[in-house]
Amino acid sequence: MFKDLAGLSFVVLDDIGAWKDVIGKEIEDAHFMCQDERDAMDEITRYSSFPYFTTNVTAADPSYHPVPANNRVERSIKGPKAELTIYVTVKRQRQTQVQPLVDRLKAAWAKLPTTPTTGGTNVLK
């Protein structure tokens, strides 16, 4: 759970959307070192022992290169506060046109891994 992470320092990609608010609210006294660039994030996590977050979406990103396990321990964070509901808002006159894309996204999302060893949902490394 998030409370187990209180007081830690994390390396975090700056552009993580709603997750930024979640971790800011749920991890008490945490320090976040935000990185603008994926390459900088990869470099820091590769050569440091700072914890960082990944999600099931991260594992599906072709530009993501997992850091070797070395001294890291994967921990899955589960529960309602570790899940985000994603909504698609479309004008009614465009619904028929957009619905096939929404259906494909939902199908692809359902196939994403959900265990810590495969990228997991809300996995701390």
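Here are some questions and answers about the predicted model shown above.

Me: Let's start with the overall layout. What pattern does the chain follow, read along the sequence?
Reply: The secondary structure comes to four helices and five strands. Reading along the sequence, you get the pattern β-α-β-α-β-α-β-α-β.

Me: What percentage of the contacts with a separation of 6 or more comes from residues 24 or more positions apart?
Reply: Here a contact means heavy atoms within 4.5 Å. Take the contacts in the chain with a separation of 6 or more; the share from residues 24 or more positions apart is 61%.

Me: Which residues form the aromatic pair, and is it stacked or edge-to-face?
Reply: A search of the whole structure finds one aromatic pair. That pair is Phe10 and Phe32, with 5.6 Å centre to centre and 20° between the planes. Planes under 30 degrees apart count as stacked, so the word for Phe10 and Phe32 is stacked.

Me: How many residues apart are Phe10 and Phe32?
Reply: Phe10 sits in strand S1 (residues 9-13), while Phe32 sits in strand S2 (residues 31-35). The pair links distant parts of the chain, and the two are 22 residues apart.

Me: Is Phe10 buried or exposed?
Reply: Buried means under 20% relative accessible area. Phe10 has a relative accessible area of 0%, so Phe10 is buried.

Me: Which residues is Ile27 in contact with, leaving aside its neighbours within four places in sequence?
Reply: Ile27 is one of the residues of the largest nonpolar core. Leaving aside neighbours within four places in sequence, the residues in contact with Ile27 are Phe2, Leu5, Ala6, Phe10, Phe32 and Phe53.

Me: How far apart are the closest N and O atoms of Asp14 and Lys20?
Reply: Side chains of opposite charge can pair when their charged atoms come close. A search of the whole structure finds two salt bridges. Asp14 is partly exposed at 29% relative accessibility, and Lys20 is partly exposed at 34%. In their salt bridge, the closest N and O atoms are apart by 2.4 Å.

Me: How many residues apart in sequence are the parts that Lys81 and Glu26 tie together?
Reply: Lys81 forms a salt bridge with Glu26, with the closest N and O atoms 3.5 Å apart. Lys81 lies in the loop between strand S4 (75-76) and helix H4 (95-110), and Glu26 lies in helix H1, so the separation in sequence of the parts they tie together is 55 residues.

Methods. Residues numbered from 1 in each chain as written. Predicted model: local features only at pLDDT ≥ 70, side-chain atom pairs only at ≥ 80, totals over all residues. Heavy atoms only, no water. Phe/Tyr/Trp six-rings, centres within 6.5 Å; stacked < 30°, edge-to-face > 60°. Buried < 20%, exposed > 50% of the residue type's maximum accessible area, 1.4 Å probe, protein only. Core = buried A, V, L, I, M, F, W, Y, C linked by side-chain atoms within 4.5 Å. Salt bridge = Lys/Arg side-chain N within 4 Å of Asp/Glu carboxyl O.
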